[in-house]
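Here is a short briefing to read alongside the model. Have the viewer open and follow the topics one by one.

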Amino acid sequence: MIKNRISVIGTGYVGLVSGVCLGDFGNYIINADIDQEKIHELNNGIIPIYEPGLKEIYDRVVSQGRIVFTTDIEQAVENSKIIFIAVGTPPREDGSADLKHVLEVARSIARYMNESKVIVTKSTVPVGTGQLLTEIIEQELKRLDKEHSFEVVSNPEFLREGKAVYDFTHPDRIVIGTRSEEVKKLMQEVYRPLYLNNTPFLFTSTETAELIKYASNAFLATKISFINEISRLCEKLNANVKDVARGMGMDGRISPKFLHAGAGFGGSCFPKDTRALVSLAEANGLDMSIVQAAINTNEKQKLHMVDKVVEKMGDLTGKTIGVLGLSFKPETDDMREAPALTVLPELIKRGATIKAFDPEGIKEATWRLEEYKDHITYCGDEYEVMDGSHALVILTEWNQFRKLDLERMKNLLVAPYFFDFRNIYNREEAQEAGLIYTGVGMAEESLEEVNYLWQIYKDAAVTLDSGE
Ligand SMILES: NC(=O)c1ccc[n+]([C@@H]2O[C@H](COP(=O)([O-])OP(=O)(O)OC[C@H]3O[C@@H](n4cnc5c(N)ncnc54)[C@H](O)[C@@H]3O)[C@@H](O)[C@H]2O)c1
């Protein structure tokens, strides 16, 4: 029998990072999932996701015998005092959060409960889910004629993919939604190294804790949409959004974080959590117009990237567009709601074919963009993407895309269009290399300038061809 005292149900981005890091904090963990393949990999030294730094901690915690991976939910529940729920809460058609996995886990917990338990929701769940889980577990226990005491606690997770290990081990705060003094102490023990390190612990009601998570994500998403909207105005008014953001961010009340104009936000959290918050408010007769506007702006922003390409290049029929970056942000293989899933199909609909590269996202992209497979070639590196393409588009700012050899890029492209949709280059350096540069939220070259650069490029190509 496994003697661990904490179970983490779900071994996705949140569940696996939580399990491994809680193990590293000195706890004994049972990490359980219904996905047999994931558990098989985890039992054979393979991390199923790309998350920097996770493998090192996993190796350490596994070698210390502090974690086991299993598909046996019954064993996990029976052998733990504290059960973290970290399963997915994907969006339904209407934007609301689908709780089916969370409810399934809650029923399993009731089914296998053999003593008093503390049930902690780490999944992002609508306000009131803590209460709902309490009712469901009570009903199940009654139906099964069992009597056990339990507490449902909300402990939302704020980690960022790509920096998940750092965020889990260096959080700005730990939010715990519970009214029980005993549970507060128990949760402080679970997070003992953080508690000793003076990480702020915020104790609230479960409802408040649940709402803190949605409100935080909606606020950050709104900040991104805000600067993206300002970037559109910059393009019209000949201003530079990078400098606008810098100037705004110097104000301590604003802060420079989440003020980077780009191709729009994606990922498994912001899009779904903003929609879920709007839906939650609607269900309560309220109109979340600010958050709805952030969602609308984000959708427009992704399409605006395609318009920028067409505006510069004209008809895309027969043209090859090279794309760097497919994952929704750097340092992750996660492509859930990535801008690439809107931008690539839209470019293809307008007649383009795509050559693409991402350091970790190609496996995900291949099945998510399966429908467009005849129009996309996945390449082995950045320069293979450029070779023979009519333009290069940067969609995700992986570090390795920040120091491209621009001269080489110009020589590999068959037309010198460079769309830097994460604003990681300066127009001057791109122009010096003979590229026609387009960023986000900054003045464009005049048509005369583009024609002039284009002519230089063509002359250079002729010189090259004639071997002079
Ligand atoms: N990904 C993030 O950056 C992030 C950050 C903070 C919070 N969250 C929230 O955390 C939750 C999990 O997100 P994720 O990105 O880790 O999801 P994920 O899809 O990567 O992982 C979910 C896991 O749960 C497993 N699962 C589903 N039903 C199960 C069941 N009945 N029993 C056992 N396992 C089951 C799945 O097999 C999968 O491995 C979501 O609510 C999400 O909103 C995510």
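The shell around the ligand divides into eleven nonpolar, ten polar and six charged residues; here Ala, Val, Leu, Ile, Met, Phe, Trp, Tyr, Cys and Pro count as nonpolar, Asp, Glu, Lys and Arg as charged, and the others, Gly among them, as polar. Please keep in mind that this is a predicted model, in which local features need pLDDT of at least 70 and side-chain atom pairs count only at pLDDT 80 or more, while totals for chains, interfaces and linings use all residues. Residues are numbered from 1 along each chain as its sequence is written.

**Around the ligand**
- Of the 27 residues around the ligand, those that come nearest are Gly10, Gly12, Val14, Ser123 and Thr124 (a residue is near if its C-beta atom, placed from the backbone, lies within 6 Å).
- At least two residues of this shell come from helix H1 (13–24), and at least two from helix H5 (100–112); helices (H or I, at least four residues) and strands (E, at least two) are DSSP runs, numbered from the N terminus.

**Two domains**
- Domain 1 covers 6–204 and domain 2 covers 216–468, with bounds from an automatic or database domain assignment.
- Taken over C-alpha atoms, the centres of domain 1 and domain 2 are 36 Å apart.
- Domain 1 gives 17 residues to the contact and domain 2 gives 16 residues, where contact means C-beta atoms, placed from the backbone, within 7 Å.
- On the side of domain 1 that touches domain 2, ten residues are nonpolar, four polar and three charged.

**The six-stranded sheet**
- An open sheet of six strands has the order S11-S10-S9-S12-S13-S14, with parallel pairing; two strands pair if DSSP finds at least two bridges between them.
- Strand S11 (376–378) and strand S14 (436–438) stand at the edges with a single partner strand each, so one side of each has no neighbour in the sheet.
- Strand S9 (residues 320–324) and strand S12 (residues 391–394) run parallel and are joined by four bridges, and Ile321 has Ala391 in S12 as its bridge partner.
- Helix H13 (residues 289–313) packs on the sheet, touching S9, S12, strand S13 (417–420) and S14, and its direction makes about 160° with that of S13; axes are lines fitted to C-alpha atoms, for helices over the stretch in contact, and angles run from 0 to 180 degrees between N-to-C directions.

**A parallel pair**
- Five bridges link strand S5 (residues 117–121) to strand S6 (residues 150–154), which run parallel.
- Val118 has Glu151 in S6 as its bridge partner.

Technical notes: Contact = placed C-beta atoms within 7 Å.
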